[in-house]
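Let's take a walk through this fold, starting with the overall picture and then moving to particular contacts. Keep the viewer open as you read.

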Amino acid sequence: MDQDQNQSQTQMNRKPPEFKPGTVKKIVIGLAAAIIIIYLGSSSFYTVQEQERAAILTFGKYTGENSAGLHFKWPYPIQQVITVPAELTQRIHIGYRQNGDEVIPVDEEAMMITGDENIVSADAVVQWKISNIHDYLYNIDDPEQFLRNAASSSIRSVIGSEKLDYAITDGKTVIQDKVRERLLELQAKYNTGIQIIDIKFQDIEPPSGQVAEAFREVTNAREEKNTKINNAAKYENDRIPKARGEAQALIENAEGQKKSRILNAEGDVAKFNAIFGEYKNNPGVTQSRLVLETLEKILPNAQIFITNSNSDTVNYLPLNELLRNGSSNNSATPPAANAPQGGDAE
């Protein structure tokens, strides 16, 4: 027991090791240098993500920008870096807010007055991105709020000059284009550094209730009217070309018949002229031939007998024999020897 007490007392009487003043100074300087090196290393390199761009401030003044990747800069306060999502397409909602799948209406933004003093509710989505980092950082304090106010002002200005019936039916696309033009003018006027990609209306409709139901019926009736007009135009476009084709076919057929009849008439005239020329040369023979040809045409199966009627005697015609001979010979006209001679043939 006494031995343990002596050892404890001996340890208590020992003095802590003493460092020389130069050694302590070196340790402090080394620690300070290590801290400075760590700080410089951590503040001299920075990373820009794929959808970001970095604005470089040298002594608080904008001096340049960098795109995605690992970059070097002078440590603070010499240089400072501000990253913004310049490559990301962003969107803001006018007239409502979207929290996940939940849609929260904002009536103070959505409700507005039309040109004919009616109330309408308009919801829109504005797609935008940063086009100029310098203007975006220094020309406006709150870019998103500025864009929201500018979009709401543009929508109210355009809808305030249009009638309600036009705004909720056929004029939605036209109003959308006008709002986009005015929003672009505001961004260019104030040099916001914001690029408007698109603006789309989700709904332009009267407030809910009986008014909305009445206008919904009007809209349905107008759509039904447009559908019937389109169907009628489709029927017209289908029938008119067919009718024109049929008319053209009739005209061409008539032209063909006209040319055919003209050619036939010209052929008949030429034939008549030829016959008339022969008739002038030998009228008797030509007349007899024409009579016989005509009889053959109008009486194709008849038996024809030619007699001489110029004599004073009565001719005897053995018709039964002639008919039997004609049947046996299978001839339409009997030989000239079978008929009595004398005078012209008739």
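Among contacts in the protein (heavy atoms within 4.5 Å) between residues at least 6 apart in sequence, 69% join residues at least 24 apart. One caveat before going on: this is a predicted model, where local features need pLDDT of at least 70 and side-chain atom pairs count only at pLDDT 80 or more, while totals for chains, interfaces and linings use all residues. Residues are numbered from 1 along each chain as its sequence is written, and side-chain values use heavy atoms, with hydrogens and water left out.

The protein has ten helices and eleven strands; these are DSSP runs numbered from the N terminus, with helices being H or I of at least four residues and strands being E of at least two. Of its 346 residues, 22% count as buried, which is to say under 20% relative accessible area with a 1.4 Å probe and protein chains only, whereas exposed is over 50% and partly exposed is in between.

For a look at helix packing, go to helix H5 (residues 143–159) and helix H7 (residues 172–190), which pack at an angle of about 135° with their axes 9 Å apart. The axes here are lines fitted to C-alpha atoms, for helices over the stretch in contact, and angles run from 0 to 180 degrees between N-to-C directions. H5 and H7 are therefore oblique to each other, since under 35 degrees counts as roughly parallel, over 145 as roughly antiparallel, 65 to 115 as roughly perpendicular, and the rest as oblique. The crossing of H5 and H7 is right-handed, meaning that the near helix is turned clockwise from the far one by less than a right angle.

Which residues meet where H5 and H7 touch? On the H5 side they include Phe 146, Leu 147, Ala 150 and Ile 155, and on the H7 side they include Ile 175, Val 179, Leu 183 and Tyr 190. Sorted by class, this contact of H5 with H7 has twelve nonpolar, three polar and two charged residues; Ala, Val, Leu, Ile, Met, Phe, Trp, Tyr, Cys and Pro count as nonpolar, Asp, Glu, Lys and Arg as charged, and the others, Gly among them, as polar.

Ile 155 deserves a click of its own. This residue of helix H5 is buried, with a relative accessible area of 1%. Leaving aside neighbours within four places in sequence, Ile 155 is in contact with Ile 94, Met 112, Ala 122, Ala 124, Val 179, Ile 199 and Phe 201. Take Phe 201: Ile 155 and Phe 201 are 46 residues apart in sequence and 9.9 Å apart in space, C-alpha to C-alpha.

Now for the charges. Side chains of opposite charge can pair when their charged atoms come close. With a salt bridge taken as a side-chain nitrogen of Lys or Arg within 4 Å of a carboxyl oxygen of Asp or Glu, the count comes to seven. In one of them, Glu 65 pairs with Arg 53, the closest N and O atoms being 2.5 Å apart. Glu 65 lies in strand S3 (residues 61–66) and Arg 53 in strand S2 (residues 53–58), so this pair ties together parts that are twelve residues apart in sequence. Glu 65 is partly exposed at 32% relative accessibility.

Another salt bridge joins Arg 97 and Glu 109 (2.8 Å, N to O). Glu 109 is buried, at 13% relative accessible area, whereas Arg 97 is partly exposed at 28%.
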